[in-house]
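Work through the following exercises with the sequence and the 3D structure open side by side. Each task is followed by a solution in steps.

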Amino acid sequence: MQTSLLKNPISTVDTAANVAKQKIFIIGLPRTGTTSISVAMLELGFKVAHTAFTKHTFELADVISDAPCFSDYQQLDTLFPGSKFIYLERELSQWIPSMQRLLVKMAPHLLTKTGHFSPVLKRALNISFGEDHQLRGSEKHLTECYLCHQKQVHQYFEGSKNLLTINLSHENSYIELCTFLSLDYKDGTKFPHLNKGAQVANWKAYKHTNKVSSFSAGKEHRQFFDYINND
């Protein structure tokens, strides 16, 4: 049965339209466990998109992770009132080398004119890591970017009950997730550990009926939200 956020509505006076728009956004930076938590959410019954580059993907999915959520959480909070946000932490000593490997693999595809990655992805990475591709891979720069993103997230959601901060490697992180979403916890369940080491494609290889394509086309074809043109 499809898991529903209606089990824990924001208030009794929410309109049906607003409740239907509630989402769960995973706003940790890449290489903090976005694939692992996305797979866990699939198994909990949610429709999940790991990255979302069209409006229709956001409409179809209950849970959206990675780009552009980590850069656009403020806009998404406005577009989908009452949604829940999950910020993922990871030890810098583990995150930095993992992020460096990812950036090396992605570099040719992120070039402004010739890179074939979505402009939404390019924009999200530019916001979070700057536009200087040579600078991006330095340990000092990545540390600054991680800490800046962490600070901005916590400042924005200060005092809010709609943000959960977890580190997937911590013992009780899965219990914390279930508690945050008002879901039953099955004893002994833990997060899967995917995309280990240099692996980056485990989401693509993972088969599940609840997966939502990042490029889902609706009535507006593959259009994204207007705010991307207004920043």
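**Exercise 1.** What covers the buried residues of H8?

*Solution.* This is a predicted model, in which local features need pLDDT of at least 70 and side-chain atom pairs count only at pLDDT 80 or more, while totals for chains, interfaces and linings use all residues. Residues are numbered from 1 along each chain as its sequence is written, and side-chain values use heavy atoms, with hydrogens and water left out.

Begin with helix H8 itself, which runs over residues 139-156 (helices, H or I, of at least four residues and strands, E, of at least two are DSSP runs, numbered from the N terminus). Its buried residues are His141, Leu142, Cys145, Tyr146, His149, Gln150 and Val153, where buried means under 20% relative accessible area and exposed over 50%, with partly exposed in between (1.4 Å probe, protein chains only). Their cover includes helices H4 (69-79), H5 (92-106), H6 (119-129) and H7 (133-136), together with strands E4 (84-88) and E5 (163-166), contact being heavy atoms within 4.5 Å.

**Exercise 2.** Which exposed residues does the face of H8 turned away from its buried side carry?

*Solution.* That face carries Lys140 and Lys151.

**Exercise 3.** Is Leu177 buried or exposed, and which residues does Leu177 touch, not counting those up to four places away in sequence?

*Solution.* Locate Leu177 in helix H9 (residues 173-180); Leu177 counts as buried because its relative accessibility is 0%. With that sequence limit, Leu177 touches Ile37, Met41, Leu44, Ile86, Leu164 and Phe191.

Key. The expected span of a helix is 1.5 Å times one less than its number of residues.
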